[in-house]
Amino acid sequence: ASLQILVGNLNLQKGAFMKATEAYKEARQIYEASLGRNHQDVARTMVCLGNVAGKLRNDSEAMMLYKEALTIQRCTLGADHVQTAYTLDGIGVIHAHLGQYNKAMKAFTDSLSLKDKALGKGHPDVASTLTCIGDVHVKVNDCDAAMALYKEAQKTQVAALGNAHIELAATLNKIGCAHANLAKYELAMEHHIEALSMYTNILGGAHPDVAQVLVNIGEIHCEWEEFDHCMIAYQEATRIQIATLGPFHADVGITNINIGDAYRKQGERQKAKETYQDTITFFKLAKLNEDHPLLQLVHMKIATNDGKKWAAPTATSEFSTGNSKPAGCTSDFKCYEREADDKDI
């Protein structure tokens, strides 16, 4: 089963999510047959499957897997075991996807405490959780706090992983996002270009992480009113996302929102409205609930585009209409499970 998990990890890194799922499911079946359903190794395969579901924005499935895994881990390993930290990271990611930022912060800070004690502050897995906490700060418009966390993570990653690693690329992208939120667009572009180069060298040009950085680069071109460059970046990102994630992944819809924003900034309000309306149809086909923060965001943008006020429906999400960044600078939540990888290898 350890071989299947290793295969799943490699496919997850490459963005081959269906192959990763198949490998993790096979590992889970082997572990359950030999160890029983309530074994810590079964829980680890649940976390792996949750990671794939989270990447595919199947948030309810991911949360179910993470919570079941956490229950098993706490019963078999204890509540303070470091392996529970990686499960808490996953739970935090899903809460963040749903705009539940207080719950996300609680999960990430609990994870950080466990990792600090077990691994030490200079471990790259501690750095990955720091970046997740920074992402939450970005979402609630506290970019100075986010920047401090990203810089701390970057320093740790360079020391532990070297100057060319995908985790470092992710952090550089996040630093670029924080600079963009602070309207420091030249600094943002520098970091995004560096992240793009690193991702492309390591992962190749047709990877979801490459597409994510292209969206961020497109947004900066939009801020600079370089709309031709902006649209080229968005269209290339969309092409990669559809090819690697499928046509009904939330990231495709998020990129489409950015395209609508670009039309609106050019004064082409009808094209913007049509794009936003297409995105609503897309998100419904992707089976997002009506109170999902991404759907709320699109409704807000349509109302604003039409010069109307918009009142958010009552919902459990903490999403704020004052923060439209889910469709702006995209900084995906990534928390790596290196402890499990090392065990398998």
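Mentor: Let us begin with a definition: the expected span of a helix is 1.5 Å times one less than its number of residues. Please bear in mind that the model before us is predicted.

Trainee: What makes the span of helix α14 close to the expected one?

Mentor: Helix α14, residues 269–285, has 17 residues. From its first C-alpha to its last it reaches 24 Å, and 24 Å is also what is expected at 1.5 Å a residue. The span is therefore close to the expected value by that definition.

Trainee: Which residues of α14 are buried, and what do they pack against?

Mentor: The buried residues are A272, T275, Y276, T279, I280, F282 and F283. They pack against α13 (250–265) and α15 (293–305).

Trainee: Why are the buried residues of α14 said to line one face of the helix?

Mentor: Seen down the axis of α14, the buried residues fall within an arc of 165 degrees, so they line one face. An α-helix has 3.6 residues a turn, so residues three or four places apart point the same way. On the other side of α14, Q270, D278 and L285 are exposed. Just after the helix, K287 takes a positive phi of about 65 degrees.

Trainee: Why is T21 called buried?

Mentor: Buried means under 20% relative accessible area. T21 has a relative accessible area of 16%, so T21 is buried. This residue lies in helix α2, residues 17–35. Leaving aside residues up to four places away in sequence, T21 touches L49 and V52.

Trainee: What is the secondary structure of the protein chain, and what percentage of its residues is buried?

Mentor: The protein chain has 16 helices and zero strands. Of its 345 residues, 55% are buried. Among contacts with a separation of 6 or more, 62% are between residues 24 or more positions apart. The accessible surface comes to about 14600 Å², and carbon and sulfur atoms account for 52% of that area.

Trainee: How do you know where the predictor's confidence is under 50?

Mentor: The pLDDT is the predictor's confidence in each residue, from 0 to 100. The protein chain averages 89, and 90% of the residues score at least 70. Over residues 314–328, however, pLDDT stays under 50, and the model has 47 contacts there beyond four places in sequence. Over residues 339–345 pLDDT also stays under 50, with 14 such contacts.

Note on methods:
Residues are numbered from 1 along each chain as its sequence is written. This is a predicted model: local features need pLDDT of at least 70, side-chain atom pairs count only at pLDDT 80 or more; totals for chains, interfaces and linings use all residues. Side-chain values use heavy atoms; hydrogens and water are left out. Helices (H or I, at least four residues) and strands (E, at least two) are DSSP runs, numbered from the N terminus. Buried means under 20% relative accessible area, exposed over 50%, partly exposed in between (1.4 Å probe, protein chains only). Contact means heavy atoms within 4.5 Å. Accessible areas come from the Shrake-Rupley method with a 1.4 Å probe; for residues, only the protein chains shown count as cover. The arc is that of the directions from the helix axis to the C-beta atoms.
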